[in-house]
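Please examine the model shown below before reading on.

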Amino acid sequence: MRKHCPIAYSDEMASPLMSKGWVLTRYDQSCEFLQDHRTFSNQSSDDYPVRPWIPQAIDPPHQTAYRRILNPWFTVDAMRPLEPHLEEFADQLVGEMLANDSFDFVAEFADPFPTKIFCELAGFPGDDYEQIMDWKNALMHASDGHSRGYELAAGIARELGFDVSGGRPLLAAEEMAVRGRVGASIYGYLAGLIAQRRAEPRDDMISRLVTAEYEGERPLTEEELEDTLFLFYMAGLDTVASALGLIVQTFATDPAKRHEFIELMDDPTRLDAAIEELVRYHAIVLLPRRVTADTEFHGAKFAQDEGVLCPTMAANRDPEEFDNPDELVFDRVPNRHIGFGLGAHRCIGIHLARRELRVALQTFHRECPD
Ligand code: HEM
């Protein structure tokens, strides 16, 4: 597509984010697109019946105001105290996993690792982490081959009265019903935690949000608190888990690359570059936007309110920007990938994500090089 039709239109998109619209595949156009938040909005049209995730589904200037509250909590320095906990959790999970003859890396490590860290950072009770993970998997992974996600979603669909038998995939309407049920459970859980922290503040993100002020003018509303926590829940858990799963799968099928990684992973500078390259190569996020006014974009005529999807995995493999894009080159320079996004919404969790990937891959490969 990138070569023959770099800006394509489809009315049969298989993405839950968008059923029809435009798809971008070139790196340079994707960068231009992501940096123009006035023409390409993160906000859904007014008739979309779902509350916006904050700050991801809000445009500047409001998004900027939310980021001003949140940014200081996610700097490199703010993440540093987590390091010993990351190592401790990673050691514990790897130990438990390797105690058995065989293991499922996603279920036993990639999913629980970021979940446990997130619980600690956000202030979710650590003992709830399995429930938290299950909600996330039922919501996000009903139909993409994630075995636990399917099992949970099919169970909820049955509870809702759908006849899901024989392991058949869920229909779109069934999946939406499951999402509605799980979303309501998560929102209820978040509301409970917010109430607890109002009563008894601790040193965690929920407590800080409860006392934060929007532009120094007013406290955040109950809805703003829930919508922010909901986004962090989704963005913080599933991204790192998915990236880890893909990386370890690649290493499992390409032992030479795995050994190349193991050779360099104790050199901090080389490791940082390798992590960036792994995020470029295994980009996982599709970025949807809504066109705010009729616009011509590199020859394509976008109409107001149409959707445009920017798959970061397409941009990150564009040969015009990256030599040998389909190869993992651990010391790639420059490496201006957009795996963490670009522009106003660039990932706020970037320093945490890098740290989690680093510690996870080091710990796992130290114990399990082959
Ligand atoms: C490998 C891991 C990760 C990847 C690849 C990733 C990727 C991304 C991308 C591409 C965006 C841009 C969204 C957009 O433009 O609409 C984003 C935004 C965001 N990410 Fe991440 N992310 C990762 C980890 C995390 C973690 C660990 C957290 C939280 C602790 C997090 C929290 C967020 C939040 C809150 C936003 C919304 C920022 C905004 O709209 O201003 N992410 N992420």
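**The interior and its surroundings**

Apart from its neighbours within four places in sequence, Ala138 is in contact with Gly149, Leu152, Ala153, Ile156, Val178 and Val182; contact requires that the C-beta atoms of two residues, placed from the backbone, lie within 7 Å. A second, separate core of 15 residues includes Leu24, Phe33, Leu287 and Ala315. The largest nonpolar core has 65 residues, and Ala138, Ala153, Leu244 and Leu357 are the ones that touch the most other members. A nonpolar core is a set of buried Ala, Val, Leu, Ile, Met, Phe, Trp, Tyr and Cys residues joined through C-beta atoms within 7 Å. A residue is buried if 20 or more other C-beta atoms lie within 10 Å of its own, exposed if 12 or fewer, and partly exposed in between, with C-beta atoms placed from the backbone.

This is a predicted model, in which local features need pLDDT of at least 70 and side-chain atom pairs count only at pLDDT 80 or more, while totals for chains, interfaces and linings use all residues. Residues are numbered from 1 along each chain as its sequence is written.

Helix H6 (residues 112-122) is largely enclosed by the rest of the structure, because nine of its 11 residues are buried. Helices (H or I, at least four residues) and strands (E, at least two) are DSSP runs, numbered from the N terminus. Among the buried residues of H6 are Phe113, Ile117, Phe118 and Leu121, and Lys116 is also one of them. The buried residues of this helix pack against helix H4 (83-98), helix H5 (105-110), helix H7 (129-140), helix H10 (205-211), H11 and H15. Just after H6, Gly123 takes a positive phi of about 100°.

An open sheet of five strands has the order E1-E2-E9-E6-E3, with mixed pairing; two strands pair if DSSP finds at least two bridges between them. Strand E1 (7-10) and strand E3 (40-41) stand at the edges with a single partner strand each, so one side of each is left without a neighbour in the sheet. The partner of E3 is strand E6 (residues 286-291), and the two pair in the antiparallel sense over two bridges. Within this pairing, Ser41 stands opposite Arg290 in E6.

Which residues are the closest to the ligand? They are Gly236, Gly341, His345, Cys347 and Gly349, and 26 residues surround the ligand in total; a residue is near a molecule if its C-beta atom, placed from the backbone, lies within 6 Å of it. The elements that give two or more residues to this shell are helix H2 (62-70), helix H11 (222-253) and helix H15 (350-367). H11 gives the most, with seven residues.

Two cis peptide bonds may be located in loops. One joins Pro60 and Pro61, with omega about 5°, and Pro61 is placed in the loop between E3 and H2. Another joins Val333 and Pro334, with omega about -10°; Pro334 is in the loop between helix H14 (312-315) and H15. The loop between H14 and H15 also holds Asn324, which has a positive phi of about 40° although it is not a glycine. Asn324 is exposed, with 9 other C-beta atoms within 10 Å.
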